[in-house]
Amino acid sequence: MMTLDFTQVFSYWQVLLQGLGLTLAFTLSCAVIGSLAGFIVSLLRLSPFRPLRWLVTLYVEFFRGTPLLIQLFWVFFCFPVVFQLNIAPWLCVTLSLVLYMAAITSETFRGSLKSIAGEQHDACVALSLTPMAKILYVIFPQALLRAVPTLLSNVVALFKESALISSVGVADLMFVGQSISNSTARPVEFLSAVAVIYFVVAFPLTRLVGVVESRLLRRYAL
């Protein structure tokens, strides 16, 4: 019977932290880019041009309705073949996570956009604001404020889902943990350590979502 020895984890703490750093880098960068893209997608879904609205809706429903792992594999294995391009693994991962994040955040922004009172739009017309100025200075700040709690929840979800990128050879936290557990024949110790690291990062963020939501509701009565 194998004896558990969790002290061995401390011998590899630097490598695990490097993997965590890469995981956080992918999560934060894709969350920011994907959220901005999601806002644009949400505006397109409210477009009066019906074919464009249908096309964007199909994109959102497809990426929300299929597993992220399938999307990741398709971009990594099929995208280079279909488009005859040699794409680096990190770029495939980034593209997959951004497309996924844009799809789920577009629903968040669409709900917040619909909650903006019609008087705000009327005021923009009265002030003769251009459509771009209206979006940047009136609509986007209010939509973002209303969407913050859900956006933070999406970031936490993306952080946990990012463990899937290890399946295409990117040396994130999950990949590093698997590699060390295979080389040392200590899967219990190192996979448990990886799970603890994910929890230590994700749990405070989930608590932060609740705090931010309650404060926003109390301060702005959204």
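What is the relative accessible area of Glu107? Glu107 has a relative accessible area of 23% and is partly exposed (buried is under 20%, exposed over 50%, partly exposed in between; 1.4 Å probe, protein chains only).

This is a predicted model in which local features need pLDDT of at least 70 and side-chain atom pairs count only at pLDDT 80 or more, while totals for chains, interfaces and linings use all residues. Residues are numbered from 1 along each chain as its sequence is written, and side-chain values use heavy atoms, with hydrogens and water left out.

**View 1. Glu107 and Arg110 form a salt bridge (3.2 Å, N to O).** A salt bridge is a side-chain nitrogen of Lys or Arg within 4 Å of a carboxyl oxygen of Asp or Glu. The count comes to 4. Glu107 and Arg110 sit 3 residues apart in helix α4 (residues 89-114), so about one helical turn separates them. Helices (H or I, at least four residues) are DSSP runs, numbered from the N terminus. Arg110 is partly exposed at 22%. Arg45 joins Glu107 and Arg110 in a network of salt bridges.

**View 2. Glu61 pairs with Arg64 (3.5 Å, N to O).** Both belong to helix α2 (residues 50-65), 3 residues apart. Glu61 is partly exposed at 37%. Arg64 is partly exposed at 42%.

**View 3. Arg186 and Glu189 meet in a salt bridge (2.9 Å, N to O).** Arg186 is buried, at 17%. Glu189 is buried, at 0%.

**View 4. Helix α7 spans residues 173-184.** Leu173, Val176, Gly177, Ile180 and Ser181 are buried. They lie on the same side of α7 because their arc around the axis is only 125°, taken from the directions from the helix axis to the C-beta atoms. Asn182 and Ser183, on the other side, are exposed. Just after α7, Ala185 takes a positive phi of about 60°.

Terms used
Helices (H or I, at least four residues) and strands (E, at least two) are DSSP runs, numbered from the N terminus. The expected span of a helix is 1.5 Å times one less than its number of residues.
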